[in-house]
Amino acid sequence: MKIKKRTENVNNNRQRLIFRGKINKSNTSLIIWLIFALLIVLIAVLADVIVPYDPYEQDLSAALMPPDSHHLLGTDQYGRDMLSRVIKGAGISLSSSFALVVIITLTGCIAGIISGYYGGIIDSIIMRLSDIFLAFPGLVFAIAVASVMSGGLVSAVIALALISWPKYARIARAEVLAIKNEPYIQVARMSGLNTIRILIKHIIPNIADMIIVTAVLDIGNMMMEIAGLSFLGLGAEPPLAEWGLMVSQGRSFMQTAPWVVIAPGLAIFITVLVFNMLGDTLSDITGRQ
C-alpha cells in the first residue's frame, strides 16, 4: 500500500510539473506575440512620423523602381515609396479592423446577453434575426451591401459588421445561459440587486474571457475581409494607402514589378499571423475554445 501511494504521489507531482511547464510556456508565448502585436500597433500609431517619404507624393520619373538604398521596398506605378505606403497602410488597415471588431463585439454581446438573460419572446426575436443574417453566404452578402452603399472603407466596415455580429450574439447567449441560474446569481437576485448591476457585476466578468479571445482572433480575420473588399473595389478608394487596395492596384504589375504586390501582401500576412497567434495563445491560457 505504501509503495502504491508513493507511486501515485510521484505521478501526481509529474502531472503538476507538466501542467506548470505548459502554463509557463504559454505565458512566454503570450509575451512574445503581445510584443509583436504592440510593435505593429506602435508602427501604425506613429506612421506619420516614421515614414521616410510622403506616401501620397507622386513622381512618375521614379515609377516602378526596384528596391534600393533610397526606396527599400521600391516604388509603385506612380513613383510613390512603397515602404512609406505600407507603414501608412498599417494605420488605416489596423484602425478599420479594430473599429469593426469593436462594433461587432459590442453589438453582438449586448444582443446575446439580453437574449440569454431574459429569454422568452426577446430571445426568439434576436436569435431569428441572427439566423437571417447567418443564412446568407458571408462575403457575398458583404459584397452586396457594400455595392449598394457605393463602396468606401466605411461601407465595407458596415457591410462586414452586419454579417459578423451574430457570432458574438450566440457566444454571449450560450455563456449567459450557462451561468444565469448559478447559485451566486440567485443570491444576487435575492439580495435585491437590479438587473443592470447583476449583468455588470456578475454576468459580464464571467463571460469576458471568451469574448476577448474571440475578438483578438477576429482582428486578423476582419483585416482579411476588409482587404478582400478593397481588392474587389468595394472598400478603400484611391489614393488611400490601404493594404488590400495596394495589392489590387499592383496586381497588373506582378510580372514586371512584383514588389508592388509583395510588400502589402507580406504586411497583411505578418499582421494576421501575429494576431492569430496571440489569440491562440490567449485561448490556451484561458482554456476557452
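**Reading a predicted all-helix model**

Author: Helices H4 and H6 are oblique to each other. Oblique is what remains when angles under 35 degrees count as roughly parallel, over 145 as roughly antiparallel and 65 to 115 as roughly perpendicular. The model is predicted, so local features need pLDDT of at least 70 and side-chain atom pairs count only at pLDDT 80 or more, while totals for chains, interfaces and linings use all residues. Residues are numbered from 1 along each chain as its sequence is written, and side-chain values use heavy atoms, with hydrogens and water left out.

Reader: At what angle do H4 and H6 cross, and how are the axes drawn?

Author: Axes are lines fitted to C-alpha atoms, for helices over the stretch in contact, and angles run from 0 to 180 degrees between N-to-C directions. The axes of H4 and H6 cross at roughly 140° and come within 9 Å. Contact (heavy atoms within 4.5 Å) is made by residues including Asp123, Met127 and Phe133 of H4, and Trp165, Pro166 and Arg173 of H6.

Reader: What is the handedness of the crossing of H4 and H6?

Author: A crossing is left-handed if the near helix is turned anticlockwise from the far one by less than a right angle, and right-handed if clockwise. H4 passes H6 in a left-handed crossing. H8 likewise passes H10 in a left-handed crossing. The axes of H8 and H10 are 9 Å apart, at an angle of about 165°, which makes the two helices roughly antiparallel. Among the residues in that contact are Val213, Leu217 and Met224 of H8, with Thr271, Phe275 and Leu282 of H10.

Reader: How many helices and strands does the chain have?

Author: Helices (H or I, at least four residues) and strands (E, at least two) are DSSP runs, numbered from the N terminus. The protein chain has ten helices and zero strands. Of its contacts with a separation of 6 or more, 72% join residues 24 or more positions apart.

Reader: What share of the chain is buried?

Author: Buried means under 20% relative accessible area, exposed over 50%, and partly exposed in between (1.4 Å probe, protein chains only). Of the 289 residues in the protein chain, 44% are buried. In H9, seven of the eight residues are buried, among them Trp243, Leu245 and Val247. The cover over the buried residues of H9 includes H3, H8 and H10.

Reader: Which residues touch the most other members of the largest nonpolar core?

Author: A nonpolar core is a set of buried Ala, Val, Leu, Ile, Met, Phe, Trp, Tyr and Cys residues joined through side-chain atoms within 4.5 Å. The largest has 57 residues, and Leu100, Leu160, Trp243 and Leu278 touch the most other members. Helices that each supply at least two residues of this core include H1 (2-45), H3 (82-118) and H6 (153-179). Another core, of twelve residues, lies apart from it and includes Ile113 and Tyr117.

Reader: What does Leu100 touch?

Author: Not counting residues up to four places away in sequence, Leu100 touches Val157, Leu160, Ala161, Met222 and Ile226. Ala159 of H6 is 59 residues from Leu100 in sequence and 9.9 Å away in space, C-alpha to C-alpha. Ala159 is buried, with a relative accessible area of 0%.

Reader: How many residues lie between the positions of Ile40 and Thr271 along the chain, and what separates their C-alpha atoms?

Author: Ile40 and Thr271 are 231 residues apart along the chain, and their C-alpha atoms are separated by 7.4 Å. Ile40 is in helix H1 and counts as buried at 13% relative accessibility. Beyond its neighbours within four places in sequence, Ile40 is in contact with Leu94, Thr271 and Val274.

Reader: Where is the cis peptide bond?

Author: Most residues other than glycine have a negative phi, and most peptide bonds are trans. Here a cis peptide bond joins Pro238 and Pro239, with omega about 5°. Pro239 is in the loop between H8 and H9. Leu64 has a positive phi, near 55°, and is in the loop between H2 (47-50) and H3. Leu64 counts as partly exposed, at 25% relative accessibility.

Reader: Which residues does UniProt list under "transmembrane region"?

Author: The unreviewed UniProt entry lists residues 30-51, 98-120, 132-163 and 256-278. UniProt positions are given in the numbering used here, feature names are shortened, and annotations may be inferred rather than shown by experiment. In the model, residues 98-120 are 96% helix and 0% strand, with end C-alpha atoms 33 Å apart. Residues 132-163 are 78% helix and 0% strand, with end C-alpha atoms 10 Å apart.
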